[in-house]
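Q: Hey, can you walk me through this structure? I'd like to go piece by piece.

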Amino acid sequence: ATGTGHSEYTGDVAIDTTQQADGTFALIDPTRKHVTKDARNVSASSLNSSSGTLFTDADNVWGDGRKFSTDRSTAAVDAHVNTAKTFDYYKSTFGRNGIKNDGRGATVFVHVGTNWDNAQWSDSCFCMMTGDGDGTTDPEQVDLDTMGHEMTHGVTSATANLRYSGESGGLNEATSDILGTMVEWYANNPVDTPDYLFSDQSTPPWLRRFDKPSLDGRSADYWSKSVGRLDVHNSSGVGNHWFYLASEGSGSKTINGVTYNSPTYNGSTVTGIGNKKASAIWYRALTVYMTSTTDYKGARTATLNAAKDLYGATSTEYATVAAAWSAVNVA
Ligand code: ASN
Ligand code: ZN
Ligand code: CA
């Protein structure tokens, strides 16, 4: 069935639901197969896929469109439709049928924990878990790039399975930031304009950014031999910065009203190939060439191999991949 959702972040949206035997509608996506549940404030570490309660509704009109809503189904609208958008991005861009490419849908939890200002993916639960924000400035963690980020952790687990520590952990996080952001570019929603800012709706003005990751005060702009000792959400900066440079190039640029200024390690000027090509190269590298122990040097090789497959060894795309890695000090 198709319901109406009064979402928190993108206005009124169509929402795919399933009518049950008792006539009520449930947040079960009939084609993409994900199921959205209320975790009832149980913590992330205590949840499994049978925890919580399925959202049901009599008239198939959901939510009240407000942040920090007392209507618990409001965050569920965003989580449910943004998971659907992420599924559609993978299907239409890469022909990928869900997280494991087997059509299986995840369980999506909202209202996890108490004032839990976070979201995460769990392999063991095959779940996405989202918290309610910090209760003051950060609302529910169910916006599109966040849901794209978390679902992408599932895709990474099912493919390269990048180990979640050291440089491979930074690459795992960068993969989720990059492809999660590409879901936002795919959706191209005028209410959530595509950008190179991550978690800009749910952690305003943004949690991380791609043009100069160090602007968050923690992330690395460039590779160094100690980069793998940073938290994985900060060593990811090297990969995120590569993605920005490969997509948009170095220097200053205003895109959809946001001004970016991207520096290079070696003082070079990089000209971008656009984010569709840069992300297609990353996805092929992830799914064909990267392994659990790939480090930044290995990511350079993996993306060059992917660029060679997609565009040829003498292409502008191949040369740009190399130039962008050199510009983040991965030689
Ligand atoms: N939001 C974080 C992530 O997806 C949560 C975590 O680090 N477990 O990376
Ligand atoms: Zn992550
Ligand atoms: Ca964003």
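Q: How many bridges join strand β14 to strand β15?
A: Five bridges join them. β14 covers residues 251-255 and β15 covers residues 258-262. The two run antiparallel. Keep in mind that this is a predicted model.

Q: Which residue stands opposite T254 in β15?
A: That is T259.

Q: And what sits between the strands of that hairpin?
A: Two residues lie between β14 and β15. In this hairpin, N256 takes a positive phi near 50°.

Q: OK, helices now. How do α4 and α5 pack?
A: Helix α4 spans residues 232-248, and helix α5 spans residues 275-289. Their axes are 7 Å apart, at an angle of about 135°. Angles from 65 to 115 degrees count as roughly perpendicular and those over 145 as roughly antiparallel, so α4 and α5 are oblique to each other. The crossing of α4 past α5 is right-handed.

Q: Which residues make that contact?
A: From α4, F243, A246 and S247. From α5, N275, A278 and W282. By class, four residues of this contact are nonpolar, two are polar and none is charged.

Q: What about α5 and α6, how do their axes cross?
A: They cross at roughly 110° and come within 8 Å. Helix α6 is residues 296-311. That angle makes α5 roughly perpendicular to α6. α5 passes α6 in a right-handed crossing.

Q: Who touches whom there?
A: The α5 side includes I281, W282, V288 and Y289. The α6 side includes A302, T303, D309 and L310. The contact of α5 with α6 has 11 nonpolar, two polar and two charged residues.

Q: Switching topic. What is the strand order in the sheet with β1?
A: The order is β2-β1-β8. This open sheet has three strands, and its pairing is mixed. β2 (12-16) and β8 (61-62) are at the edges with a single partner strand each, so one side of each has no neighbour in the sheet.

Q: Are β1 and β8 parallel or antiparallel?
A: Parallel. β1 is residues 2-6, and two bridges pair this strand with β8.

Q: How many bridges link β4 to β7?
A: Two. β4 is residues 25-26. In this pair, A26 stands opposite T56 of β7.

Q: Zooming out, where are the domains?
A: Domain 1 is 2-158 and domain 2 is 166-327. Their centres, taken over C-alpha atoms, are separated by 26 Å.

Q: How many residues of each are in contact?
A: 23 residues of domain 1 contact 23 residues of domain 2. On the domain 1 side, α1 (73-94) and α2 (144-158) are the elements giving two or more residues.

Definitions and conventions
Residues are numbered from 1 along each chain as its sequence is written. Chains are lettered from A and ligands numbered from 1 in the order in which they are written. This is a predicted model: local features need pLDDT of at least 70, side-chain atom pairs count only at pLDDT 80 or more; totals for chains, interfaces and linings use all residues. Two strands pair if DSSP finds at least two bridges between them. Helices (H or I, at least four residues) and strands (E, at least two) are DSSP runs, numbered from the N terminus. Domain bounds come from an automatic or database domain assignment. Two residues are in contact if their C-beta atoms, placed from the backbone, lie within 7 Å. Axes are lines fitted to C-alpha atoms, for helices over the stretch in contact, and angles run from 0 to 180 degrees between N-to-C directions. Angles under 35 degrees count as roughly parallel, over 145 as roughly antiparallel, 65 to 115 as roughly perpendicular and the rest as oblique. A crossing is left-handed if the near helix is turned anticlockwise from the far one by less than a right angle, and right-handed if clockwise. Ala, Val, Leu, Ile, Met, Phe, Trp, Tyr, Cys and Pro count as nonpolar, Asp, Glu, Lys and Arg as charged, and the others, Gly among them, as polar.
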